[in-house]
Amino acid sequence: MSISNQRAQDIIDALRRGTVPQYGLDALAVGLSSFEKSFDEELEKVARGSAVFKAVRGEYGSGKTFAARWLRERAHRKGFACAEVQISETETPLHRLETVYRRLMERLTTPDSTSGAFRTIIESWFYTLEEDVMAQEGIDENDVDALVEATGSLMEKRLGEVVRAAPAFALTLRAYRKALVEGREEIADGLLAWMAGQPNIAASIKRYAQIKGDIDHFGALSFLQGVLTILKDSGHPGMLLVLDEVETLQRMRGDVRDKSLNALRQLMDEIDSGRFPGLYLLITGTPAFFDGPMGVQRLAPLAQRLAVDFSTDIRFDNPRAVQIRLRGFDQNSLEEVGCKVRDLFAQISEHGDRIKTKADNAYIGELARAVTGNLGGKIGIAPRIFLKKLVGDVLDRIDVHEDFDPRKDYALTISDKELTESERAAKSASSVDDIELDL
């Protein structure tokens, strides 16, 4: 596929840092084609007012985050709002859904807004409501008071059940609109921040909207329901929410882990009950999380909901199942993605021909085998460090130094300092069961 030079540069910069690029992932995708049709069908189902829960399993380095961001790009192309939340014990504990909601709102994006999307969505929605009010009730746009009152009434009607479950949601929206009309931008900003789950909002701002306290665990679910309604009403077919690295629950204290697993079960049940029309919830985790004693299996109702038979050949996996597994990388796919990265680098380089000649397909294969060998033959943990080495140690040097020949002038070295904690653990383990968890 063709990709702009700016997007290619962003991808290369991310790989140089050893991170997963945010966008342009179709240019690097390997081994995801079998999921394209089912993912698209599920997104269309969500756009029609249903909800979907999906779990993606894969070993460390198999591309779970990559797959989630690849799906996000597909969702964006369909007009979805999207958010990616990294689950962690300190920053985003899953058992505190109010924290998950806050992170979701902080990272909410749309096809037109890569940051700060919540404000844009709210403003777009109020504009739509005003247009509908003027068209249906014949209110003069210059009659501000009448327009604000009619818009507020229509707003509550559109929100429906949300108003009954969380009255503060509608109260805050009314107050936000009123503050804007009065030119009180600071109050409007504070109210929007409170709606997005931010703590420590001034008491004077809350009094303006006649609200108290902060959004709690149960309030977060009702507010999410309200946000989904607003998205649908403002032209977005739905929201893709990714909860990444859910396997970190295994390293948490026992009581916290159990509460988090129960929160995950609660989310699944709420989705099944139809409470969140327009939501596609995707979680990612390792096989040890889904099958091991410190993960999903600790909570029987959750294990039953996520149970999928993976005993058959991976070629015959069901991409429509509630839980799917990634194939992970083998030598061929590692070389394939390396060649794609080399070609993207050549696209933005002034020395594209030199890049392709000195880092030809044969050399890409040699480097891939060398990286894998340095990691004890563990291809599953090789992709990140392989692409980081390819870009930062090889392609950059070919680009900068005309006489640099990677076959003569470069010797691969990988120190433990360059590996993540998970990569170091997987490198020294003979199986995932050997990875010691800090419990």
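At 56% relative accessibility, T357 counts as exposed, a label given to residues with over 50% relative accessible area, whereas buried means under 20% and partly exposed in between (1.4 Å probe, protein chains only). T357 lies in helix α16, residues 352-358; helices here are DSSP runs (H or I, at least four residues), as strands are (E, at least two), numbered from the N terminus. The C-alpha atoms of T357 and E402 are separated by 12 Å, the two residues being 45 apart along the chain.

This is a predicted model, in which local features need pLDDT of at least 70 and side-chain atom pairs count only at pLDDT 80 or more, while totals for chains, interfaces and linings use all residues. Residues are numbered from 1 along each chain as its sequence is written, and side-chain values use heavy atoms, with hydrogens and water left out.

Two helix pairs can now be followed. Helix α8 (residues 167-181) packs with helix α9 (residues 185-195) at an angle of about 160°, their axes lying 8 Å apart. Axes are lines fitted to C-alpha atoms, for helices over the stretch in contact, and angles run from 0 to 180 degrees between N-to-C directions. The two helices are therefore roughly antiparallel to each other, the class for angles over 145 degrees; under 35 counts as roughly parallel, 65 to 115 as roughly perpendicular and the rest as oblique. Where they meet (heavy atoms within 4.5 Å), α8 contributes residues including F169 and Y176, and α9 residues including L191 and W194. By class, this contact of α8 with α9 has 13 nonpolar, 1 polar and 1 charged residues. Nonpolar covers Ala, Val, Leu, Ile, Met, Phe, Trp, Tyr, Cys and Pro, charged covers Asp, Glu, Lys and Arg, and the others, Gly among them, are polar.

Helix α1 (residues 5-17) and helix α18 (residues 382-400) pack at about 105°, with axes 7 Å apart. That makes α1 roughly perpendicular to α18. I12, L15, R16 and R17 of α1 touch L387, K388, V391, G392 and D396 of α18. The contact of α1 with α18 divides into 4 nonpolar, 1 polar and 4 charged residues.

Two loop residues also deserve a look. Most residues other than glycine have a negative phi. N200, in the loop between α9 and α10 (203-209), has a positive phi near 60° and is exposed at 74% relative accessible area. Q210, in the loop between α10 and α11 (217-233), likewise has a positive phi of about 60° without being a glycine, and Q210 is exposed at 64% relative accessibility.
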